[in-house]
Amino acid sequence: MKLMIPFQRRASRDATRGAVALLILAGAIQMAPAQAPGQSAATPATAGPPNSGANNQLGVAVQTQQQLAAPGPALNPQSTTSQSGIDPSFRGSLVRGKATADVLPLTIDDAILRGLQNNLGLILQTSSERQSNGSRLQSLQALLPTVTGGASVTVQQIDLAAYGLKIPGINPIIGPFQVMDVRGYASQNVVNLYAFEQYMASKHNFEGAKLTAQDARDLVVLTVGNAYLLCVADEARIKAVQAELDNSKLSFDQATDNHEAGISPRLDVLRAQVDYQSEQQTLISTTNQLAKDKLALARAIGLPLDQQFELADGTPFQALDTPDPDAAFQQAIKQRKDLAAAAEQVKGAEATRKAAVYDQLPTLVASGNYGDQGETFGHSHGTYTAEGQLAVPILQIAKTRGEEETAGAQLDQAKDKLSDQVQQVNADVRDAILDIQTAAKLVEATQSNVELAREALSEAQQRYKAGVDTSLSVSQALSTDRQAEDQYISALYQHNVAKLSLARALGVASTNYKEYLGGK
């Protein structure tokens, strides 16, 4: 599974950061000439030429702005390739029950179980399975005896003259008279290869529909699991933003105190205030995104949208030993239900092609009836008819050729789709393994970056409080800490989604997803 990088959720934050960076750049340029003549020996910028402090600040600011402009890992599952090929119906559900006043604790197991019960995509696939079974039974009837019954009462008067019969001395009007008949009818295809192959085609299609419905369970697990993990990432992001908001408030208070004490310029207060308000905006946006993602999760599992719930599971990092790609691919070939369904569709297409050929062969039908016939049921007698009918197609060249062409094209399409699907499964397995390996390295690297960024922020705040550095360093440290938190949360999300995608690629998501999310 390849994760694409969304820009929309970072747009407002990046725009704010860009404004902060521009303000920092402008402040650094304005501060450079004012500090150069009278810099104290304690200021680090005195180590070089008069403008070296401003040049260093400009270089750091530009580097920080370039880092912020670089896109981070994805947090939106709808922008990933793993979700793009999934039927949108899997994001819907049937709502069962009504919302309660209580806050529902929801684990990922509960969410997946609800999804397997209420998800619209799975329900529709189950309905398609029933529909295919109905078509199979209809085709089967052509091979089974057909028995019907009926009763009739006929009252008739005949004019012989109307038929050209004029017999002297005989009244041409006969009747009225009545005939009562109660009869049963039976027929059976004795030899009909066309009907047999049509039944075999519908049988294979039904087997394919059953396998597709089983495969839909994996898609439900992938969709619901992804939605749940995204909500967990949103909650982690809110906690991180809240911590960043507290740090920016501390810096803002320090800058205000220093300015009131006359030891720092007004620019430091403005810079800290912009950082603080930027974090407030980010917190509002992130909280809103969590609410929307929780609605999407509720839609996928059949919860009423007004039902309040809280996530009961987190996503701690659990390493997963990735399998050998070739061995995993062979395992997927055996376990993927969608591949088995595609193979059944090929068999069904082969049976349809045979039926097109057999449609030009003779058919033999045995039929008969038995009943009681007479003027009244008290004056009746049993009668019967037994019949064998051989039907031989003589001239239907265009029909036969058209059926063969159509069935042959359908067979080729089914084979080509199966071949491509096998390669797609191979790609899915290898992509998921690569994503797990890459995400694990990202988690390790970003976790280290978070620790370093926090240490750098703490040091910058202490230096500024001691009066040996400007607020620019604090603002840069806040931006670096913010980015490090973003990337760490994204890496955790990517790693868990990649493990879930590997379970899906191997065809075991609905049964073994716990083993993959928990690591093994």
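A residue is taken as exposed when its relative accessible area is over 50%. In the predicted model, Ile397 has a relative accessible area of 64% and is therefore exposed. Ile397 lies in helix α10, which covers residues 397-466. A nonpolar surface patch includes Ile397 together with Val190, Val191, Leu193, Leu361, Leu364, Leu390, Val392, Ile394 and Leu395. The accessible area of this patch amounts to about 990 Å².

Helix α10 also contains Val425. With a relative accessibility of 1%, Val425 counts as buried, the limit for that class being under 20%. Beyond its neighbours within four places in sequence, Val425 makes contact with Ala332, Arg336, Leu339 and Ala505. The C-alpha atoms of Val425 and Ile333 are 7.9 Å apart, although 92 residues separate the two in sequence.

Buried positions were also found in helix α4 (residues 108-118), namely Ile108, Ala111, Ile112, Gly115, Leu116 and Asn118. The elements that cover these buried residues of α4 include strand β1 (104-106) and the helices α5 (120-141), α6 (193-260), α7 (266-301) and α12 (509-518).

For the protein chain as a whole, 12 helices and six strands were assigned. The chain has 520 residues, of which 40% count as buried. Among contacts with a separation of 6 or more, 84% join residues 24 or more positions apart.

Key: Residues are numbered from 1 along each chain as its sequence is written. This is a predicted model: local features need pLDDT of at least 70, side-chain atom pairs count only at pLDDT 80 or more; totals for chains, interfaces and linings use all residues. Side-chain values use heavy atoms; hydrogens and water are left out. Helices (H or I, at least four residues) and strands (E, at least two) are DSSP runs, numbered from the N terminus. Buried means under 20% relative accessible area, exposed over 50%, partly exposed in between (1.4 Å probe, protein chains only). Contact means heavy atoms within 4.5 Å. Patches are made of residues with over 30% relative accessible area and no salt bridge: like charges are joined within 9 Å, nonpolar side chains (Val, Leu, Ile, Met, Phe, Trp, Tyr) within 5 Å. Accessible areas come from the Shrake-Rupley method with a 1.4 Å probe; for residues, only the protein chains shown count as cover. A salt bridge is a side-chain nitrogen of Lys or Arg within 4 Å of a carboxyl oxygen of Asp or Glu.
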